[in-house]
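Thanks for coming. I will go through charges, a few pairs and some surface patches.

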Amino acid sequence: MHFLSDELDTYVTVHSQDEPELLAQLNKETHQKILAPRMLSGHFQGRVLSMLSKIIHPKTILEIGTYTGYATLCMAEGLAANGTIDTIDNEEELADFQRKYFNKSSWGKQITQHLGDGLDILPTLTKKYDLVFIDADKENYINYFHLVVPMMNQGGIILSDNVLWSGKVLEELNPKDITTKILLDYNLILKTDVRVETVLLPIRDGLTVSRVR
């Protein structure tokens with residue numbers, strides 16, 4: 001499902017900040033060499049992530065689901081001086097690709113890659129975070145959320161991607177579609193959990209902004 005027409009999507013992209021050259025290169029190489037390039041945040045959502053990060057000006061960022069590192073670098077644009085980013089992914093074959101672009105950026109030394117299962121890695125992290133981006137396996141979104149909330153600084157922001165799931169959240173649920181069922185439950189949790197306040201934005205495939213009270 002396209003939440004915006006192609007024409008309107010082009011308009012809002014053209015009238016948003018230009019994609020930085022390094023990210024344009026990353027975008028192009030991802031589409032040329034990496035499977036499932038639609039997983040990339042892309043120009044418009046990337047500028048949204050950049051803007052939110054610049055508003056928050058986080059000292060600590062946590063990302064669950066690195067893919068090729070596009071969103072990582074977008075959020076890095078708002079990182080405080082001497083701030084840090086921890087990014088988690090279980091795709092070993094993407095680690096060198098990610099690091100190549102991290103090192104080309106201004107934030108290479110501030111970005112730590114964690115290779116493995118997020119549910120295993122999260123309990124080993126000891127920082128408190130100002131900004132978290134959840135964009136990994138949807139089946140564990142609820143588990144990630146409950147692990148992450150206690151790791152947040154008060155007023156910290158949790159961003160959750162793909163929460164509209166190509167419009168499947170509006171369709172009659174197929175009992176065999178576990179992923180959509182979990183996302184429906186997740187969206188309800190973000191709405192009702194008293195620890196956060198949430199707004200769901202119909203950006204790309206759905207982006208939820210949750211503020212920790």
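I start with a definition: buried means under 20% relative accessible area, exposed means over 50%, and partly exposed lies in between, with a 1.4 Å probe and protein chains only. This is a predicted model, in which local features need pLDDT of at least 70 and side-chain atom pairs count only at pLDDT 80 or more, while totals for chains, interfaces and linings use all residues. Residues are numbered from 1 along each chain as its sequence is written, and side-chain values use heavy atoms, with hydrogens and water left out.

Now the salt bridges. The term stands for a side-chain nitrogen of Lys or Arg within 4 Å of a carboxyl oxygen of Asp or Glu. In general, side chains of opposite charge can pair when their charged atoms come close. How many salt bridges does a search of the whole structure find? The number is nine.

Take Asp193 and Arg195. Their salt bridge has its closest N and O atoms 2.9 Å apart. Asp193 counts as buried because its relative accessible area is 13%. Arg195, at 31%, is partly exposed.

Next come Glu197 and Arg211, another salt bridge, with 2.8 Å between the closest N and O atoms. This pair links distant parts of the chain, since Glu197 sits in strand 6 (residues 196–201) and Arg211 in strand 7 (residues 207–212), 14 residues apart. Helices (H or I, at least four residues) and strands (E, at least two) are DSSP runs, numbered from the N terminus. Both partners are partly exposed: Glu197 has a relative accessible area of 34%, and Arg211 has 37%. Elsewhere, salt bridges with shared partners join Glu29, Lys33 and Lys100 into one network.

Is Glu29 buried or exposed? Glu29 is buried, because its relative accessible area is 10%. Lys100 is partly exposed, at 33%.

Thr180 belongs to helix 8 (residues 178–192) and is buried, at 2% relative accessibility. Contact here means heavy atoms within 4.5 Å. Not counting residues up to four places away in sequence, Thr180 touches Trp165, Lys168, Val169 and Leu173.

Thr198 is in strand 6 and is partly exposed, with a relative accessible area of 33%. Leaving aside neighbours within four places in sequence, Thr198 is in contact with Leu190, Thr208, Val209 and Ser210. Between Thr198 and Asn187 there are 9.4 Å in space, C-alpha to C-alpha, and the two are 11 residues apart in sequence.

Last, the surface patches. Patches are made of residues with over 30% relative accessible area and no salt bridge; like charges are joined within 9 Å, and nonpolar side chains (Val, Leu, Ile, Met, Phe, Trp, Tyr) within 5 Å. Lys and Arg count as positive and Asp and Glu as negative, with His and the chain ends not counted. The place of a charge is NZ of Lys, CZ of Arg, CG of Asp or CD of Glu. Accessible areas come from the Shrake-Rupley method with a 1.4 Å probe, and for residues only the protein chains shown count as cover.

Which residues make up the patch of negative charge? They are Glu91, Glu92, Glu93 and Asp96. Glu93 is in the loop between strand 2 (84–89) and helix 5 (95–104) and is exposed, at 60% relative accessibility.

A nonpolar patch on the surface is formed by Leu4, Leu8 and Tyr11, with about 270 Å² of accessible area together. Leu4 lies in the segment before helix 1 (6–14) and is partly exposed, at 31%.
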